[in-house]
Amino acid sequence: MKTQLSIANLAGTDTELLAVLAVDTQSATGSAAKPQPVLLTSDEAVISAAANVLASGEFKAGANETLLLHSPADLAAKRLLLVGLGKQAKVTVHSVRNAAGTAVRFAKPRGIREMTFALPEAEALPLPACARAAAEGASVGDFDPDTYRSDRKDLSIQSLTVLVGTRPPVAEIEETAEFDPFAEPAPVPPTPEPIDDAPIRAAFAEGVILGESQNFARSLVNEPGNKLTPTILGQRAAQMAQEVGLSWAVFSTDKLQDLKMGAFLGVAQGSAEPPALIVLRYEPEGIKDGPVLGLVGKGITFDTGGISIKPSDNMEKMKYDMAGGAAMLGAMRAIALLKPRVRVIGIVCAAENMPDGKAQKPGDVQTAMSGKTIEIINTDAEGRLVLADGLTYARQLGATHLIDAATLTGACVVALGMVNAGIFANDEDTYERFSKALATSGEKFWRLPLGEEYADMIKSDIGDIKNTGGRWGGAITAAEFLHNFAEDTPWIHLDIAGISWMEENKPYIAKGPSGIAVRSIVEWARTF
Ligand code: BES
Ligand code: MN
Ligand code: ZN
């Protein structure tokens, strides 16, 4: 999808489809009154083209509700698409992001290849933030997961224009007015204030990068285990790194042995596929001190559970057990392009968790890179094992702040459903930064606690810690396991198990890989 930002008159925009936003202005309290949709544009021609259908009550401007008009009167556009943002009091920039995705996903199956999305004119919706959100939402909406269908028709939108509306030029108004020699001279309409487009353009460019980086992560998560082994994930990461100018290295078994990554190797040893330790570095010029961010992702390209094998129902889903790793790669891509003034190291611990004659067994004891010994209770609790060594390695490479992302526990899905992902943090300042990042990214995360009582639940009789703490509080004991390796380095853990794969289509995003966490992690990095 090619995207551009344009500042022009809506009515005069020649396009296959012009999407315009609407809100329901009915107050939240007056529930008996009927919805009152209002278009978020001052363009008279657009308002009159939609007047009849708005009066009909057929379109209520509910969130992501759509209504299409062909050949709208007095517009250069072939089609006018109204997209609802929902109740006015609840509308935010995040509603605009979704609306842009909705508009794109409306157009795609209808064979429309070129379209225009008009940004809302509303006091509460600053144009730069809207431009960014629209660019993100449109890219995300353009993605479909059916890449292996032999009759797949690529329905992508080829060209999307995000439009900042202007009033029609004064000359145009005069031309259409009928000449009446007895009439009072028409008042000259005030020249609208010129739009300061630099911040809008900058924000729009950021949105394009973020949306495409999220889609990069989604494309990786979508790949099946046979098409995306740890080695191939390493190749894809290297290729991306080269494209955006990150330094990179991809290591395998020998290096893991040199580094004494016993926890990571223990997981990998059950697979014929060698593991991959992916290391990407972003080093902005002239920055020699200050924080170094360590981004660590779980990259299990397929999780059978190992010897503690999973039931076969739904096991195919476990191809997305590398979504945390993919999120880190997507974030590193965006960071390389957005160039924040902070050093960042991205690490993905990629392996396949398989049962095999050489696989690790319950009861085995592994020595992690940090020297801590781990009793393996359940080989299906493998994510925390690869991350343990990833976190230790990030610290060894100089990370002063850590963030990890992982499809770590079913328990987190039980706790938060498929709505919020879990956040854990050992440091309030670092958490506050992430919380601020969420306000910008619009992604949904909810904080869960850490605590010594939970840490006690994973003490081992034979070694230092065990890799499961039983059923209760499973997301938290998993986080406490990782805490053993982050130690007191400021650290955030994101458990994205419930949110990485969407079970249902939404108007603004296809079912399948969500690309969750990419935007929030990038935003977090930009706060440093
Ligand atoms: N990859 C799974 C967690 C998962 C569950 C991801 C559902 C996505 C959706 C993880 O490796 C796992 O198997 N965790 C176990 C841990 C248990 C054995 C302590 C779990 O959550 O059941
Ligand atoms: Mn598992
Ligand atoms: Zn797993």
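Author: A salt bridge is a side-chain nitrogen of Lys or Arg within 4 Å of a carboxyl oxygen of Asp or Glu. This is a predicted model, in which local features need pLDDT of at least 70 and side-chain atom pairs count only at pLDDT 80 or more, while totals for chains, interfaces and linings use all residues. Residues are numbered from 1 along each chain as its sequence is written, and side-chain values use heavy atoms, with hydrogens and water left out. By the salt-bridge rule the count is 28.

Take Arg201 and Asp197, whose closest N and O atoms are 2.8 Å apart. Both sit in helix H5 (residues 197–222), four residues apart, about one turn of the helix. Helices (H or I, at least four residues) and strands (E, at least two) are DSSP runs, numbered from the N terminus. Arg201 is partly exposed at 37% relative accessible area, and Asp197 is partly exposed at 26%. Here buried means under 20% relative accessible area, exposed over 50%, and partly exposed in between (1.4 Å probe, protein chains only).

Next, Lys298 forms a salt bridge with Asp321, with 3.1 Å between the closest N and O atoms. This pair links distant parts of the chain, 23 residues apart: Lys298 is in strand S10 (residues 292–303), and Asp321 is in the loop between S10 and helix H9 (323–338). Lys298 is buried, with a relative accessibility of 2%, and Asp321 is buried, also with 2%.

Finally, a network of salt bridges links Arg97, Arg132, Glu136, Glu206, Arg519, Glu523 and Arg526.

How values were computed. Chains lettered and ligands numbered in written order.
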